[in-house]
Amino acid sequence: MTTAPTARHNAVGTAHTRVEGRDKVTGAARYAGEIPFADLAHGWLVLSTVTRGRIRCIDTADVLAMPGVVAVLHHGNAPRVETGYVGLLGVPDPTATVFQHERVPHAGWPVALVVAETSEQAREAAEALVVHYEQEPHDVDFTGERPDAYPLDSHMPAVIENGDLQAELAASAVVVDAEYTTAEEHHTMMEPHAATARWDGGRLEVVDSNQGTFWVASELAQMFSLDPSAVRVRSEHVGGGFGSKGIRAHQVAAVMAATELRRPVRVVMTRRQMFSLTGYRSPTRQRLRLGADADGRLRALEHRSLSATSTVHEFIESAAGPARTMYGADAHHTANRLVRLDVPTPTWMRAPGEAPGSFALESAMDELAVKCGLDPIELRARNDPAAGPVSGLPFSGRNLIACFREGARRFGWSDRDPRPGLRREGRWLLGTGTAAASFPAGAGPSTAAVTAEADGTFTVGVNAADIGTGARTALTLIAADALQTAPDHVRVRLGDSDLGPAFIAGGSMGTRSWAWAVTIAAGELRQRLALGADIPPEGITVRSDTTQALGALAPAERHSFGAQFAEVAVDAATGEVRVRRMLGIFAAGRIVNPLTARNQFVGGMTWGISMALHEEAVRDQALGGHYGADLAGYHVACHADVPAIEADWIEDPDPDDPVGIKGIGEIGVVGAAAAIANAVWHATGVRHRDLPIRPDRVLTAGVHA
């Protein structure tokens with residue numbers, strides 16, 4: 001059969017419901033913890049009850065005699081794994097390489113896995129397992145001065161210092177010098193971490209919930225000294241990840257148990273276990289010093305951030321990073337420092353660095369605007385750089401001020417009286433605030449395969465991870481346009497490491513990375529079909545690899561930008577803060593699917609409400625663990641907390657991307673908390689520099705007339 005491409009349909013840019021939506025709402029879409037396997041055993045993790053020390057012994061005899069129990073794995077009998085390799089994101093966190101020694105570096109450290117015929121039997125036995133410890137003093141205190149803090153280079157240099165900071169501060173007509181803090185936050189996605197491991201004909205297969213099957217397969221192959229071709233990881237549907245669903249303890253423990261028992265083993269984490277084992281956003285302490293001329297032009301910008309990590313692995317929340325993109329100054333000093341504590345290792349969490357960093361930076365800019373007597377938007381316009389403030393590189397596109405202008409028009413900003421504490425409705429004090437947002441727009445090397453089928457349809461194989469963002473649908477639309485066919489003629493296969501290397505769903509780079517590879521393969525296939533190629537029964541397949549294309553990109557500052565607006569009401573008698581409305585206007589590249597894109601923006605802004613007013617994981621200083629490590633004790637924004645939220649965008653295609661995409665997954669949360677905090681100041685006349693803005697903090701601070 002011979003087929004020619006049909007007329008162009010221009011699917012990209014039009015609203016489409018999710019191609020897997022019906023399956024999800026009817027239950028046909030199965031998640032990692034739901035897929036059946038014959039002879040399936042269930043593993044239950046046992047976590048340490050002490051914060052620091054060592055395991056003296058584990059009493060396994062009574063547990064092994066319990067109904068259904070088939071094994072107890074621990075540091076004395078578990079398989080040895082490789083821990084010194086360098087993976088996609090560096091050396092693995094030892095928390096994932098479970099049961100390799102007797103040391104306990106933090107509360108909730110995995111010390112054993114109980115495997116039984118049913119999950120109920122496994123849980124009962126795990127809770128009965130007795131572990132004896134030698135306990136040691138611990139330190140989980142992030143407050144106060146930390147002389148043991150140190151800078152750490154990560155995906156960006158830890159410290160950048162340009163210009164004479166002290167001289168420029170001394171010469172400034174207006175100075176802001178303030179400290180801001182953000183709380184420990186957790187991902188709290190709907191679907192818990194779950195994995196099933198089994199051996200099939202000498203090949204390891206893992207059915208998982210993750211943000212990149214090729215990534216997880218590569219890590220498991222290196223840990224267990226296997227040929228990469230001997231490991232297959234599948235993850236078709238994922239109920240949220242937000243940065244936490246990489247290589248974790250449950251996958252490794254499941255593989256260990258499946259290897260020992262030679263039968264499938266499933267390990268699902270409880271919500272409480274996830275608070276210890278799947279990463280989180282570190283609390284931060286940030287100091288901002290801004291110095292400006294009388295007209296608001298920045299002479300000095302200093303942003304220093306401190307975050308915490310575990311004693312076994314280094315992860316830094318680079319909160320000072322956004323300042324390197326947002327605003328220029330004659331002296332520009334930024335530093336990210338770290339302190340080691342007896343706590344679990346933090347990890348990537350939606351807008352890592354940018355979310356807490358934007359709260360501090362954008363709050364300080366609001367304070368500077370007040371001191372300068374300038375409108376907050378005008379202050380930002382006066383300090384909008386023509387090139388990267390630190391790198392000096394050109395921006396691939398910087399439409400920040402256009403976002404502010406459009407947002408101000410739609411929000412009614414021109415009617416705002418800048419004086420605080422004047423608007424009132426009954427017992428409620430009303431205020432409005434704004435803040436800027438930015439997030440890097442990158443791409444990672446990926447491969448894709450596009451097949452023209454004999455029946456005239458097309459199959460796209462790309463190892464993407466749809467973690468709830470609508471990536472599967474976006475890729476369908478992109479492939480349809482590249483093939484000049486209708487979306488219902490395209491099937492997208494994803495979430496299978498056998499599909500080949502592809503970048504992870506992270507850093508707002510997933511769809512852009514995968515779309516680049518799909519576009520190249522589809523374009524070449526279309527050219528072949530245009531020449532009248534006959535399609536055999538097995539189809540015609542074209543493969544692509546974007547490594548060279550990405551390597552050829554000229555250096556530039558590539559970012560999405562946005563402007564956040566919020567209106568709040570504050571009850572001065574109870575301290576309650578309610579967000580009444582929010583508006584976000586974004587410059588985030590070409591929007592592939594307006595329906596799912598708006599959901600992404602609104603989801604991020606909702607998380608900003610949660611960050612500003614609710615989320616705070618609190619550690620017991622004496623015991624080292626969390627108070628209320630569940631969704632009853634850890635508060636997140638619920639429906640009653642979420643007002644009318646409007647998200648929209650301006651035209652902003654990336655000229656360097658074949659589709660014009662930048663990335664939208666994370667920018668929605670950036671700046672949202674600052675806009676709310678700035679609105680609280682406008683309502684009350686009191687500046688809140690510590691998140692969350694709890695009622696007790698509002699009552700303690702009071703209201704300035």
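Let me start at Asp141, which touches Arg146, Leu341 and Gln621, leaving aside residues up to four places away in sequence; contact here means heavy atoms within 4.5 Å. Asp141 sits in the loop between strand S6 (130-135) and strand S7 (150-151). Helices and strands are DSSP runs, H or I of at least four residues for helices and E of at least two for strands, numbered from the N terminus. Asp141 has 27% relative accessibility, so it counts as partly exposed. The cut-offs are under 20% relative accessible area for buried and over 50% for exposed, with partly exposed in between, using a 1.4 Å probe and protein chains only. Asp141 and Gly624 are 483 residues apart in sequence, and their C-alpha atoms are 9.0 Å apart in space.

Before going on, the conventions. This is a predicted model, in which local features need pLDDT of at least 70 and side-chain atom pairs count only at pLDDT 80 or more, while totals for chains, interfaces and linings use all residues. Residues are numbered from 1 along each chain as its sequence is written, and side-chain values use heavy atoms, with hydrogens and water left out.

On confidence: pLDDT is the predictor's confidence in each residue, from 0 to 100. The protein chain averages 96, and 99% of the residues score at least 70. Residues 1-8 stay under 50, and for them the model has 21 contacts beyond four places in sequence.

Now the chain as a whole. It has 17 helices and 25 strands. The C-alpha atoms fill a box of roughly 75 × 75 × 50 Å along the principal axes. For 705 residues, a compact globule would have a radius of gyration near 27 Å, and the protein chain agrees with that at 26 Å. That radius is taken over C-alpha atoms, and the globule rule is 2.2 Å times the number of residues to the power 0.38.

Buried residues make up 61% of the 705. Of the contacts with a separation of 6 or more, 82% are between residues 24 or more positions apart. The accessible surface comes to about 25900 Å², and carbon and sulfur atoms hold 51% of that; the areas come from the Shrake-Rupley method with a 1.4 Å probe, and for residues only the protein chains shown count as cover.

As for charge, there are 65 positive and 83 negative side chains, and the centres of the two sets lie 3 Å apart. Lys and Arg count as positive, Asp and Glu as negative, and His and the chain ends are not counted. Each charge is placed at NZ of Lys, CZ of Arg, CG of Asp or CD of Glu.

Next, some backbone details. Which residue does Leu691 join through a cis peptide bond? The partner is Pro692, with omega about 0 degrees. Pro692 is in the loop between helix H16 (672-684) and helix H17 (695-701).

Phe99 is not a glycine, yet its phi is positive, near 60 degrees. Phe99 lies in the loop between strand S3 (69-74) and strand S4 (103-104), and with 4% relative accessibility Phe99 counts as buried. Thr188, also not a glycine, has a positive phi of about 45 degrees. The loop holding Thr188 runs between strand S9 (174-182) and strand S10 (194-200).

Last, Ala221, in helix H5 (residues 213-223). Is Ala221 buried or exposed? Ala221 counts as buried, because its relative accessibility is 4%. Beyond four places in sequence, Ala221 touches Leu226, Asp227, Pro228 and Val231. From Ala221 to Val680 the sequence separation is 459 residues, and the C-alpha to C-alpha distance is 51 Å.
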